[in-house]
Amino acid sequence: MSAVAGEVRALYLHIPFCERKCEYCDFTSVAGATGSEAYMDALCAEVRRLGERLGRLSLDTVFIGGGTPSLVDPGLLAGLVATVRTTFSVTVGAEVTMEANPSSVDAGRARVWRAAGVNRISLGVQSLEPDVLRFLGRVHDADRAIAAIAEVREAGFTSINCDLIYAVPGLGDVRWRRTVERVVAAGPTHISAYELTVEPGTPLHTQVRRGLVRPVEGVRSIRQHRIAVETLERAGYGQYEVSNFALPGEECRHNLVYWHNGYYAAAGVGAHGHLPAAAAAAIGLEVDPGAVSVRYWHGRGIAAYGRAVAEGNLPVAGSEPVGPGMREQERVMLGLRLREGVRLGPSGLDEARSLEGLGLVAIDGDRVRATVRGEAVLNQVTLRLVGDRAA
Ligand code: SF4
């Protein structure tokens, strides 16, 4: 067993194929599923290689994200999950999530995913309003989204997330509330509600730069976030992270690893991982002696990824050592977004009290979390709380 086996208990796998590229998307993804068979072979090969280098990790969570994993042949997906299970020790009761888009869901495919051992589906619903779906460049309509929720449930999934997006130009508060209410009525166990962000390099960014689209003002965005919080909490979904809401016990354990600043291995084009420094050498990375952990990432080109795997390499494109100060800064910044907050020592708590007076954080014992106002200036709040210990 490797030195890191007990510390790394989460695995992220990336599948980059989508039906078409959405207007706002800066994830590693391409339009069409051409080459998906060869890609899935390469991904399985990388998973096995990761197992050889890191040892037989015990995994509590596996997250298959994208892209649109539901688009690839379900048999290939089942093969990927089987490879993970033979390479690593997936613990009894582990959470195995797969992302899916409504347009590539049907009950038959969902049954194959379920039989393969996937036990949580995250659906990219985003909106139920036709003009908003069109604006975002999504390929499904509201009926397909609602039907997809029913189909995965029919296939035996009891943990179902729906992703939603607010602060979309043209989406008023009344229609946003109606979307949230209709999705709640469809009965998912988890809802993520994200603000639309304009990422450089996306078609949406170009439209904004040309003055063709005006982004939604901050006040409206904050109001729509508030609407989501109120509507979802009234319906019994606890807000356990700024953008994430769950019925009791349905919080996403994999994402909690990220927010608790935990470790996770990663495979697939564009995938990012975070490992203890002691594991760096195993995956071929050199880190400074003072580093406590290492963040690393894969390149975004699918062809180059396939070549690197075929040559017998782990296709890691870059890495960044994380020293103790940076690790503390990351812990605080991520933890501030959680409802449970982040634990701080005496000097951090002193600073937190002055930020509480400004309405930027809330304190409960030795735990501190950002308020909605604080969330808008999270970097500055973090720097105040961590101070020069991050230097
Ligand atoms: S479905 Fe998701 S990953 Fe694919 S293009 Fe749209 S936003 Fe990007």
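Modeller: Happy to! Two strands pair if DSSP finds at least two bridges between them; strands (E, at least two residues) and helices (H or I, at least four) are DSSP runs, numbered from the N terminus. The model is predicted, so local features need pLDDT of at least 70 and side-chain atom pairs 80 or more, while totals for chains, interfaces and linings use all residues. Residues are numbered from 1 along each chain, and side-chain values use heavy atoms, without hydrogens or water.

Your sheet is open, with 3 strands in the order S15-S17-S16 and antiparallel pairing. Strands S15 (342-343) and S16 (361-364) are at the edges with a single partner strand each, so one side of each has no neighbour in the sheet. S15 pairs with S17 (residues 367-370) over 2 bridges, and Val-342 sits opposite Val-368 of S17. Helix H12 (residues 346-357) packs on the sheet and touches S16 and S17 (heavy atoms within 4.5 Å). Its direction makes about 130 degrees with that of S16.

As for rings, there are 6 aromatic pairs (centres within 6.5 Å; planes under 30 degrees apart are stacked, over 60 edge-to-face, the rest tilted). One of them is stacked: Tyr-12 and Phe-63, 6.1 Å centre to centre with 25 degrees between the planes. Tyr-12 belongs to strand S1 (residues 8-15) and Phe-63 to strand S4 (residues 58-66), so the pair ties together parts 51 residues apart in sequence. Tyr-12 is buried at 13% relative accessibility (buried means under 20%), and Phe-63 is buried at 7%.

How values were computed. Axes are lines fitted to C-alpha atoms, for helices over the stretch in contact, and angles run from 0 to 180 degrees between N-to-C directions. Buried means under 20% relative accessible area, exposed over 50%, partly exposed in between (1.4 Å probe, protein chains only).
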